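Colleague: Could we take a close look at one part of this model together? I would like to follow a sheet strand by strand.

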Amino acid sequence: MSALARLTRRRLLELSALSGGTVLLGGPAASSTPRTTGPRSLGPVVLEPDDPRYTELTTRGYNGRFTGSPDVVHLVGSAGQVVRAVEEAARVRGRVAVRSGGHCFENFVDDPAVRVLIDVSEMTAVTYDPDRRVFAVEAGATLGRVYRTLYLGWGVTLPGGGCPTVGVGGHVAGGGYGALSRRYGLVVDHLHGVEVVVTDRSGRARLVTATRDSTGAERELWWAHTGGGGGNFGVVTRYLFRTPGATGGPGDLLPRPPGAVRSLSLGWQWQDLDRAAFTRLLRAHGDWHHRHVGSDSSYGELSSGLTLGHRTNGQITVDAALDASRPRAAERLDALAAELTGAAGAPHTSSTATTPWLKSVLGGVQWPGGARFKSKSTLLRKPWDDRQIGVLHDHLNRGGPEFATAAVYLTYLGGRVNDVPAEATAMPHRDCLFSAVHEALWGEEKQTERQLAWVRGLYRELHADTGGVPVPNEANSGAYVNYPDTDLADPRLNTSGVSWRTLYHRGQEERLRRVKERWDPLDLFRHALSVRPPG
């Protein structure tokens, strides 16, 4: 065993012992006998602006448009340290923000109004608790860490997102979807419980464990974390996962990923696509996916994404994948390719590969941390119509090289995601075909206004029939809370008369507000799009 492997194993065992005798990586349970000496968790580390580490922790947000200036940063290593940090904030009524992976699209953490920043990035343990029969994942763990540990340790996984550096802290709270979601649903469909630090009206903080099996206010607290969004109710320290109804040993309690995936990648150059070919391609793409949206389809487990790059980037791509062990997987992907390429009638590239599953997810796209960006979300019930396809064509051909990194991303939903009743979780969008992200990304501050105007103009024109935003109707379901967009709360940009709360939460806003009133009565955890207490 290499020195690095020995050090890694030692650290993992330390984290296992600190979690109270849980099983890590499938090994034996650590002793629960109290010890007077031995490993201790990190912290508490309390940093103020004059500490050189302060800059490191206040500038690690991935959106370079925002930098925070809190009075204090708490780098925490245990739930007890989180309790103390929250109580200190409550004592002075200071607004609190929590950072896990740092991928928030807006300034919910890096806001000048935030006075206390709690950074959970060192709380990364992924363990199995044999007493409760759950997998416990600390809120600072990244998706890559979760996938690797769950798979290598027990052969299981969660159907989460494709960026390995995203932290589970915020990803889970918003619902969480990814390449396996058409097969297994959202991450929160497997969320058994949540351990969260909350406060009462006196400012006293405590750790509460709320589960699917809880009753009353505790169960509502669990429910609010199944899609209500991050930064609303308290500080999550650990998520507890077990698929509802699962029995047997650890390897039977969460989904098993495929051993390998068979993937297809198609590409078209803008120079080979005129407006008519572009329209034919997008129309065929939408129609094909709409036909196969259900979990009972022969493509019920297909993951698929469409990337519409700006013309100055030069390319449009379709990527799709199936479990390589499924009968006729390669044949089914070939049939998809034939339909799309035939419809476009333009030169294209095509490639296929079979890749071990873990390698495929750990090699996912890395978010370009530090760059400035603006993302806007739409959840689609139907494919884009011809008018919208025309808007996409025009905007993706508008502007020069400074828009080379602008793009529209379309991710296939449906399948098992849509088999869960809307009220079962706080993620109500259980009738969607696609998740669309419209994005501008740039480097220099002087480009900001032009880039914002480009992406806002595209979004406004796509939704011109509904006041510039995706008002829920036959075509739209709203917007995804994990892709926050403060423009939706701006009446100059949202002229629909429909609140951003409806776009994100549909009819569940009042239920979430009651949870907020019960568990965060001091409103310590708030941001521009947070759940507001009644009144």
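Which residue in E6 is the bridge partner of threonine 127?

Modeller: The bridge partner of threonine 127 in E6 is alanine 136. Before we go on, please keep in mind that this is a predicted model, where local features need pLDDT of at least 70, side-chain atom pairs count only at pLDDT 80 or more, and totals for chains, interfaces and linings use all residues. Residues are numbered from 1 along each chain as its sequence is written, and side-chain values use heavy atoms, with hydrogens and water left out.

Helices (H or I, at least four residues) and strands (E, at least two) are DSSP runs, numbered from the N terminus. Strand E6 covers residues 134-138 and runs antiparallel to E5, with four bridges joining the two; strands count as paired if DSSP finds at least two bridges between them. In general, strands of a sheet pair through backbone hydrogen bonds, either parallel or antiparallel.

Now step back to the whole sheet: it is open, has five strands in the order E5-E6-E9-E7-E8, and its pairing is antiparallel. Strand E5 (126-129) and strand E8 (205-211) stand at the edges with a single partner strand each, so one side of each has no neighbour in the sheet. From one strand to the next, the twist averages 20°. Helix H3 (residues 79-91) packs on the sheet and touches E7, E8 and strand E9 (235-241), where touching means heavy atoms within 4.5 Å. The direction of H3 makes about 125° with that of E8; axes are lines fitted to C-alpha atoms, for helices over the stretch in contact, and angles run from 0 to 180 degrees between N-to-C directions.
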